[in-house]
Amino acid sequence: DVTRVQHLVEARKDTEGTLTMEASDVLAALSRCVTDGENFHILLVQQAEAEVQRRAKSQEFHASSASMLKSLGAELHKYSAEVSVHLKAVVKQSKDVETTSAAQLDAVMQAVVDMEQSALLHTGEAREVMAQGVA
């Protein structure tokens, strides 16, 4: 009976040792899981902070871009109005030059016609004078 009890005590010690080793392994695995979870949580927090910063910079960029485009639109509108005013002035000057040139050309043509008529008149008078002188 003593042998049997000793055998049971030994078996129990072996079982307790095995269970203690298995429990230690399970606790170590759980500790690694907790550490991995904490590291993963830190990584998620860092990524969330980076995402918040990225979104803030993105909103800042969009606001800046919108402001710049609005300013650019206003400048383009201003320049468009100035170009329109200058274009109207150039068109008016062009028409004025065209009108002046046409009037000058008409005056030159009239002068040529007048000179031609005067020449014909003087030529006719010269013939009459020559005809009278011959007669």
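Helices are taken here as DSSP runs of H or I with at least four residues, numbered from the N terminus. In this predicted model, the protein has 1 helix and 0 strands, and helix α1, which covers residues 2-134, contains L72. The C-alpha atoms fill a box of roughly 190 × 25 × 10 Å along the principal axes, and the radius of gyration is 56 Å, whereas a compact globule of 135 residues would have a value near 14 Å. Of the 135 residues, 1% count as buried, and the protein exposes about 12,200 Å², of which carbon and sulfur atoms supply 64%.

The protein carries 13 positive and 20 negative side chains, the centres of the two sets lying 6 Å apart, and the structure holds 4 salt bridges. One of these links E16 and R12 at 3.4 Å, N to O, two residues of helix α1 that lie 4 residues apart, about one turn of the helix; E16 is partly exposed at 42% relative accessible area, while R12 is exposed at 58%. K92 likewise forms a salt bridge with D96, with the closest N and O atoms 3.0 Å apart, and these residues are separated by about one helical turn because they lie 4 residues apart in helix α1. Salt bridges that share partners also join E51, R54 and R55 into one network, in which the closest N and O atoms of R54 and E51 are 2.6 Å apart.

Notes
Residues are numbered from 1 along each chain as its sequence is written. This is a predicted model: local features need pLDDT of at least 70, side-chain atom pairs count only at pLDDT 80 or more; totals for chains, interfaces and linings use all residues. Side-chain values use heavy atoms; hydrogens and water are left out. The radius of gyration is taken over C-alpha atoms; the globule rule is 2.2 Å times the number of residues to the power 0.38. Buried means under 20% relative accessible area, exposed over 50%, partly exposed in between (1.4 Å probe, protein chains only). Accessible areas come from the Shrake-Rupley method with a 1.4 Å probe; for residues, only the protein chains shown count as cover. Lys and Arg count as positive and Asp and Glu as negative; His and the chain ends are not counted. The place of a charge is taken as NZ of Lys, CZ of Arg, CG of Asp or CD of Glu. A salt bridge is a side-chain nitrogen of Lys or Arg within 4 Å of a carboxyl oxygen of Asp or Glu.
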